[in-house]
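Here is a short briefing to read alongside the model. Please keep the viewer open as you go through the points.

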Amino acid sequence: MAFMRYYRALPQGETTVEEFRAWLSQFDADGDGRISREELEHALRSLNLWFAWWKAREAVRAADANRNGKVDGDEVGRLYAFAHKHLHLKMSQLEG
């Protein structure tokens, strides 16, 4: 018998950075507070996006300012901006 894990979907309509961060945190498989390319790929697959592996790779490249291979801390804002612009996810404008 296979077990399936269910994830919360992104909130409908416009999404704030904090809602995006909360949604993304459920895909942090190792619990380190950072999102790897593989974890982001899993998150994108949950949205039924095509080419999730490629989109995850490009998103991490764009958001990973310190080049440690993961999206952490303030880089989530950069990932949010990338997702809004290139993945066409509905999100509120960045604040500040």
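A residue is called buried at under 20% relative accessible area, exposed at over 50%, and partly exposed in between (1.4 Å probe, protein chains only). The model is predicted, so local features need pLDDT of at least 70 and side-chain atom pairs count only at pLDDT 80 or more, while totals for chains, interfaces and linings use all residues. Residues are numbered from 1 along each chain as its sequence is written, and side-chain values use heavy atoms, with hydrogens and water left out.

**Overall fold**

- The protein chain has four helices and two strands, taken as DSSP runs numbered from the N terminus (H or I, at least four residues, for helices; E, at least two, for strands).
- Their order along the sequence is α-β-α-α-β-α.
- The chain has 96 residues, and 38% of them count as buried.
- Some 38% of the contacts between residues at least 6 apart in sequence join residues at least 24 apart, a contact being heavy atoms within 4.5 Å.

**Nonpolar core**

- The largest nonpolar core contains 22 residues, and Phe20, Leu24, Leu40, Val71 and Leu79 have the most contacts inside it.
- Two or more residues of this core come from each of α1 (17-25), α2 (37-46), α3 (52-63) and α4 (75-86).
- Such a core is a set of buried Ala, Val, Leu, Ile, Met, Phe, Trp, Tyr and Cys residues joined through side-chain atoms within 4.5 Å.

- Asp28 sits in the loop between α1 and β1 (35-36).
- Although buried, Asp28 has no salt bridge, and Lys70, the nearest side chain of opposite charge, is 6.3 Å away; a salt bridge needs a side-chain nitrogen of Lys or Arg within 4 Å of a carboxyl oxygen of Asp or Glu.
- Lys and Arg count as positive and Asp and Glu as negative, with His and the chain ends not counted.
- Beyond its neighbours within four places in sequence, Asp28 contacts Gly33, Arg34, Ile35 and Glu39.
- Glu75, in helix α4, is also buried without a salt bridge, and its nearest side chain of opposite charge is Arg78 at 6.1 Å.

**Positive phi angles**

- Phe51, in the loop between α2 and α3, has a positive phi of about 55 degrees although it is not a glycine.
- Phe51 counts as exposed because its relative accessibility is 54%.
- Arg67, in the loop between α3 and β2 (70-71), has a positive phi near 55 degrees.
- Arg67 counts as exposed because its relative accessibility is 59%.
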